[in-house]
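Here are my notes for you, as one colleague to another. Keep the structure open while you read, and look up each residue as it comes along.

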Amino acid sequence: MVILYNVNRYLTKPLEVLIMYEKILIAIDTSTISDRVFDIALQLAKIGQPNLMLVHILSEEAEESPINYWPMIGTDIGTNPEMMKEYHQLWEKFEQECLQMLKSKADKAKELGFNTEFTQLRGNPGRELCKLAQKWNADLIVMGRRGHSVFNELLLGSVSNYVIHRAHCSVHIVQD
């Protein structure tokens, strides 16, 4: 991260600080706020032309996961081979759709002149984001927050809260 100070010679204006990030990690999912997260990250990236990394975390806990739409009432998916096969097909379709979404956004960022890469990981979203940010040496993580109720966040946890408290770098949260 590079910090530039723009100081007016006569100090008639307040001191301006311009922060240029070298590496921005952008957390993308299938929620409606994801497009805003991407757009805001691109606006932040215009300042210094950093490297961008788009990431989507595949997680069964995610609202958009196929497991949330699965009719499992009164059945055990693990003991029914047909149900297991159908579930794996749904999961593979979901995985491919998410990968295509990432590729599409990466292509858009590249068209705008940004050095962009993307990856899709599996696991706990908060932990995986923090691990990737550390490994990739990100200066900034840009991610969304869906605004769940306090009760839901206590019960289910909050990815954004986890990342804010555990990331080694700055975190920019886009509110839903």
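This is a predicted model: local features need pLDDT of at least 70, side-chain atom pairs count only at pLDDT 80 or more; totals for chains, interfaces and linings use all residues.

1. Residues are numbered from 1 along each chain as its sequence is written, and side-chain values use heavy atoms, with hydrogens and water left out.

2. How confident is the predictor? pLDDT is its confidence in each residue, from 0 to 100. The protein averages a pLDDT of 81, and 73% of the residues score at least 70. Go carefully over residues 5-11, where the pLDDT is below 50 and the stretch has seven contacts in the model beyond near neighbours in sequence. The pLDDT is also below 50 over residues 149-156, a stretch with four such contacts. Contact here means heavy atoms within 4.5 Å.

3. Now the overall plan. The protein has five helices and seven strands, and along the sequence they follow the pattern β-β-β-α-β-α-β-α-β-α-α-β. Both kinds of element are DSSP runs numbered from the N terminus: helices are H or I with at least four residues, strands are E with at least two. Of the 176 residues, 35% count as buried. Among contacts between residues at least 6 apart in sequence, 71% join residues at least 24 apart.

4. Next, the sheet. Strands of a sheet pair through backbone hydrogen bonds, either parallel or antiparallel. Here five strands form an open sheet in the order E5-E4-E3-E6-E7, with parallel pairing. Strands E5 (116-122) and E7 (170-175) stand at the edges with a single partner strand each, so one side of each has no neighbour in the sheet. From one strand to the next, the twist averages 20 degrees. Two strands count as paired if DSSP finds at least two bridges between them.

5. Take one pair for a closer look. E3 (residues 23-27) and E4 (residues 51-58) are joined in the parallel sense over five bridges, and Lys23 stands opposite Asn51 in E4. Two helices pack on this sheet. Helix H1 (residues 34-45) touches E3, E4, E6 (140-145) and E7, and its direction makes about 170 degrees with that of E3. Helix H2 (residues 81-111) touches E4 and E5, at about 160 degrees to the direction of E5. Those angles run from 0 to 180 degrees between N-to-C directions, with axes fitted as lines to C-alpha atoms, for helices over the stretch in contact. As for E3, four of its five residues are buried.

6. Which residues does Thr116 touch? Leaving out residues up to four places away in sequence, they are Leu52, Leu54, Ala106, Ala109 and Lys110. Thr116 lies in strand E5 and is buried, at a relative accessible area of 7%. A polar atom of its side chain is 3.1 Å from the backbone oxygen of Phe114.

7. Two aspartates deserve a visit. Asp29 sits in the loop between E3 and H1 and is partly exposed at 22%. Its side chain joins that of Ser31 in a polar contact of 2.6 Å. A polar contact is a pair of N or O atoms within 3.5 Å; within protein, one must be able to donate a hydrogen and the other to accept it, and residues adjacent in sequence count only if both atoms are side-chain atoms. Asp29 and Leu102 are 73 residues apart along the chain, with 8.8 Å between their C-alpha atoms. Asp107, in helix H2, is partly exposed at 28%.

8. Back to the cysteines. How many disulfides are there? The count is zero, where a disulfide is a pair of cysteine sulfur atoms within 2.5 Å. The sulfur of Cys169 has its closest cysteine sulfur in Cys130, 7.9 Å away, too far for a bond. Cys98 is buried, at 1% relative accessibility.

Note on methods: Buried means under 20% relative accessible area, exposed over 50%, partly exposed in between (1.4 Å probe, protein chains only). pLDDT is the predictor's confidence in each residue, from 0 to 100.
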